[in-house]
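Subject: Structure for you to look through

Hello,

I am passing on the structure we talked about, and below it you will find my notes on what turned up. Please keep it open while you read, so that you can find each place as it is named.

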Amino acid sequence: MELNTFSFMTQMAMLALALGIVHQPFGAYLARTFTSRRHLALERGLYRLSGVDPQADQHWKVYLRSLLAFSAVSILVVFLGQLLQGVLPLNQGHGAVDPWIAINTAVSFATNTNWQTYVPEATLGLGVQMLLLAVQNFLSAAVGLAVVVALVRGLVRSETSRIGNFWVDLARGAIRVLLPLSVVGAVVLILTGVVQNWGGTDIHTLAAHAAQTVPGGPVASQEAIKELGTNGGGYFNANSAHPLENPTAFSSLFEVFLLLLIPFTLPAMYGRMVGDRRQGHTVLTVMVAFWLASSTLMAWAVGAYARTGTGVGEGFEQRFGAAPSAIFATATTLTSTGAVNVAHDSLPPLAGGLAMLNMMLGEIAPGGVGSGLYGLLVLAIVAVFIGGLMVGRTPEFLGKKIGAGPMKLVAFYILTTPVLALAGTSLTVAIPSLSANAPAAGPHGFSEILYAFTSAANNNGSAFGGITTSGPPLAAMLALVMLLGRFVPIALVLALAGTLAGQRKVPDTAGTLATHGPLFATLLGGVSLLVAALTYFPALALGPAAEGILK
Amino acid sequence: MNAYGRQLLTSLRFLFFTTILLGLAYPALVFGIGQLVAPAQANGSIITVSGQPAGSSLLAQPVTGPAYFYPRPSAVGWDPSTSSASNLGPSQRALAKAIAANRAVVARREDVPPASVPLDAVTASGSGLDPDISVAYAAQQEPRVAGATGLGNAKVRELVAASTSRGFNAFLGQPSVNTTTLNAALQQAMARP
């Protein structure tokens with residue numbers, strides 16, 4: 001399957017155009033949503049029924065405690081729901097899920113990772129899919145939104161310890177942002193052929209007249225939020241390669257649009273909320289530059305391999321071919337989505353390596369819903385810190401002094417994900433009974449393990465599918481990595497928000513490093529790349545780079 | 001009750017009521033709209049042959065015998081109760097072996113030199129349920145199907161063209177021939193000569 005360069009460029013241009021048109025008005029809508037004092041009737045009802053006081057402005061510790069309590073309850077409910085599947089309604093004949101798989105899945109969906117160590121068709125009925133997993137698709141994405149909004153408030157406010165109300169942010173993210181977009185997205189997906197019913201259709205096949213069941217279920221509704229919330233957990237095992245999840249090349253492009261939509265819109269919201277739109281433009285420029293560069297490299301890596309080795313065909317869908325697969329694979333790993341329309345394990349070595357590098361960047365370009373922008377803002381603080389060292393004065397970010405306190409939080413943030421990814425990989429490689437779960441010999445087997453832990457630590461959820469992670473040790477290890485990879489950075493970001501909110505704003509002077517414009521964008525891009533490259537390069541050299549060089 | 005206990009109870013209630021909205025009302029609403037605006041797609045794009053449901057036009061079916069167009073290899077045996085790729089890496093010997101074996105089978109079946117067999121004919125799809133094949137692979141199967149069905153080359157070519165993607169989707173992706181709709185059309189053409 002050769003790369004159609006013209007088709008690739010047209011699709012990138014279409015995405016850029018569509019996102020370019022919507023990001024400002026939609027960003028303004030997001031800023032209004034999270035700063036408005038008015039509550040919708042539906043939200044007021046929800047607050048009353050849940051016992052939430054929507055007027056309370058929370059200290060960052062209370063905000064974090066609410067978030068952690070909510071996530072813990074979510075994990076517990078999704079876990080128990082799977083264990084009890086056999087006696088719950090809508091199980092479509094599926095029984096209790098293996099407890100190790102169930103805890104992995106519960107953590108996976110509540111952390112916005114959507115790593116799937118189970119085969120959905122053989123494991124879950126539509127009850128678990130719709131009432132537990134799809135609900136987490138909404139709420140885990142809304143948690144990410146809440147955290148970035150809290151961080152932006154920390155930058156905007158001064159001399160307060162309050163950073164907003166978690167419950168209000170969570171409800172608004174789910175009800176005012178994700179829900180209406182999902183309805184529209186799901187209807188468009190149905191028009192392209194995505195199924196939305198309550199079960200399979202019995203048929204007799206054409207050639208053999210054998211009885212078969214065409215699978216069904218509430219797929220379109222789940223597909224829409226799976227992309228919009230940068231979740232990525234497929235209704236079916238093959239995920240967005242499955243024809244009933246992603247029937248046409250157009251639906252594939254539309255799914256990429258959905259998964260990029262909110263992450264690429266958040267900079268516009270940020271710019272408006274901090275009262276300086278140039279801040280948003282600069283952050284967006286960095287995101288777009290990475291996205292364009294990475295997509296182009298991916299297309300090249302796939303296209304160049306078409307005429308060598310085993311070629312480009314295994315794991316690809318015929319209706320997509322090279323260009324839509326390269327666009328999807330890049331977007332899904334640059335965000336925290338992890339949906340796939342091509343088997344990443346079978347990607348050409350350098351393309352698979354790029355998918356890993358995209359995740360290793362920390363998923364900041366544009367990143368997951370919320371997590372992308374807060375990740376990039378943390379890197380922006382690193383950039384002003386380095387800039388401050390160069391000119392020899394205390395760095396400032398939007399009028400807030402970046403002293404030792406905030407810098408410690410930032411340093412821990414930067415270290416968390418690589419430590420989790422690399423420690424998990426090393427441990428698995430070192431223990432033969434664990435590394436045997438990645439049966440491919442040589443560098444490819446190492447790549448499968450590295451990909452799994454990188455994906456889990458960054459809450460991506462895509463996989464080199466050849467690895468088996470359903471056994472207790474790996475299921476538990478990956479669950480732990482997903483859990484820490486999500487909530488340690490969130491705790492640090494909220495602490496950072498609290499610290500910054502407590503500060504008095506210092507006025508800009510001639511010596512202040514401007515955090516907008518091309519100079520800062522270059523600095524920020526360089527810092528992001530260096531932080532990732534220096535941390536992960538040795539591991540990448542052992543895996544995909546070695547595989548690409550060895551013939 | 002301490003602060004943690006209160007937060008946990010609030011969380012449970014919040015989760016319960018949002019589940020009613022996001023887990024029940026939302027999919028039900030999408031279902032309703034789907035049945036209203038596009039019932040055929042929403043129900044799985046089912047095709048019928050002589051009035052009987054015979055499959056989804058979006059999914060491949062297992063095929064035997066010379067009178068049908070073969071879909072691409074599948075890691076799940078074209079069984080729609082599951083879906084998967086082979087997940088073999090590009091450098092794995094197992095992949096090269098599988099490709100060589102598939103190539104030999106297709107070359108023998110179509111009576112063509114192994115080198116002329118297109119790559120999509122010998123590589124497993126991402127879903128295992130991919131109904132589409134390349135235009136080149138369809139052309140390679142035409143003579144065999146024309147002979148076995150007795151429909152003649154011109155008629156088969158006409159049916160292949162009718163199942164070939166064109167326009168926007170073919171440009172975004174790549175031109176493809178849907179073996180499921182094509183085989184259904186072949187059956188229908190044979191039923192009324």
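**Leu297 of chain A**

Leu297(A) counts as partly exposed, because it has 17 C-beta neighbours inside 10 Å, and a residue would need 20 or more to be called buried. Please bear in mind that this is a predicted model. Leu297(A) sits in helix α10 of chain A, which covers residues 277-305. Between Leu297(A) and Leu389(A) there are 33 Å in space, taken from C-alpha to C-alpha, while in sequence they are 92 residues apart.

**Two crossing helices in chain A**

Helix α13 (residues 371-391) and helix α18 (residues 518-549), both of chain A, have axes that come within 9 Å of each other and cross at roughly 110°. Since angles of 65 to 115 degrees count as roughly perpendicular, α13(A) and α18(A) are therefore described as roughly perpendicular to each other. On the side of α13(A), the contact is made by Leu379(A), Ala380(A), Val382(A), Ala383(A), Ile386(A) and Gly387(A), and on the side of α18(A) by Phe520(A), Leu523(A), Leu524(A), Val527(A), Ser528(A) and Val531(A). By class, the residues of this contact are 10 nonpolar and two polar, with no charged residue.

**The largest nonpolar core**

The largest nonpolar core has 246 residues, and the members that touch the most others are Leu151(A), Val493(A) and Leu494(A). Helix α6 of chain A, residues 126-156, gives the most to this core, namely 22 residues. In chain B, domain 1 (3-39) and domain 2 (45-191) both give residues to the core, so the core lies between them. The C-alpha centres of these two domains of chain B are 41 Å apart.

Which residues does Leu494(A) touch, if those up to four places away in sequence are not counted? They are Trp60(A), Tyr63(A), Leu64(A), Val147(A) and Ala150(A).

**Where the chains meet**

The contact takes 91 residues from chain A and 86 residues from chain B. On the side of chain A that touches chain B, helix α7 (residues 166-192) of chain A gives the most, with nine residues. That side of chain A is made up, by class, of 51 nonpolar, 33 polar and seven charged residues.

With best wishes

Conventions
Residues are numbered from 1 along each chain as its sequence is written. Chains are lettered from A and ligands numbered from 1 in the order in which they are written. This is a predicted model: local features need pLDDT of at least 70, side-chain atom pairs count only at pLDDT 80 or more; totals for chains, interfaces and linings use all residues. A nonpolar core is a set of buried Ala, Val, Leu, Ile, Met, Phe, Trp, Tyr and Cys residues joined through C-beta atoms within 7 Å. A residue is buried if 20 or more other C-beta atoms lie within 10 Å of its own, exposed if 12 or fewer, and partly exposed in between; C-beta atoms are placed from the backbone. Helices (H or I, at least four residues) and strands (E, at least two) are DSSP runs, numbered from the N terminus. Domain bounds come from an automatic or database domain assignment. Two residues are in contact if their C-beta atoms, placed from the backbone, lie within 7 Å. Ala, Val, Leu, Ile, Met, Phe, Trp, Tyr, Cys and Pro count as nonpolar, Asp, Glu, Lys and Arg as charged, and the others, Gly among them, as polar. Axes are lines fitted to C-alpha atoms, for helices over the stretch in contact, and angles run from 0 to 180 degrees between N-to-C directions. Angles under 35 degrees count as roughly parallel, over 145 as roughly antiparallel, 65 to 115 as roughly perpendicular and the rest as oblique.
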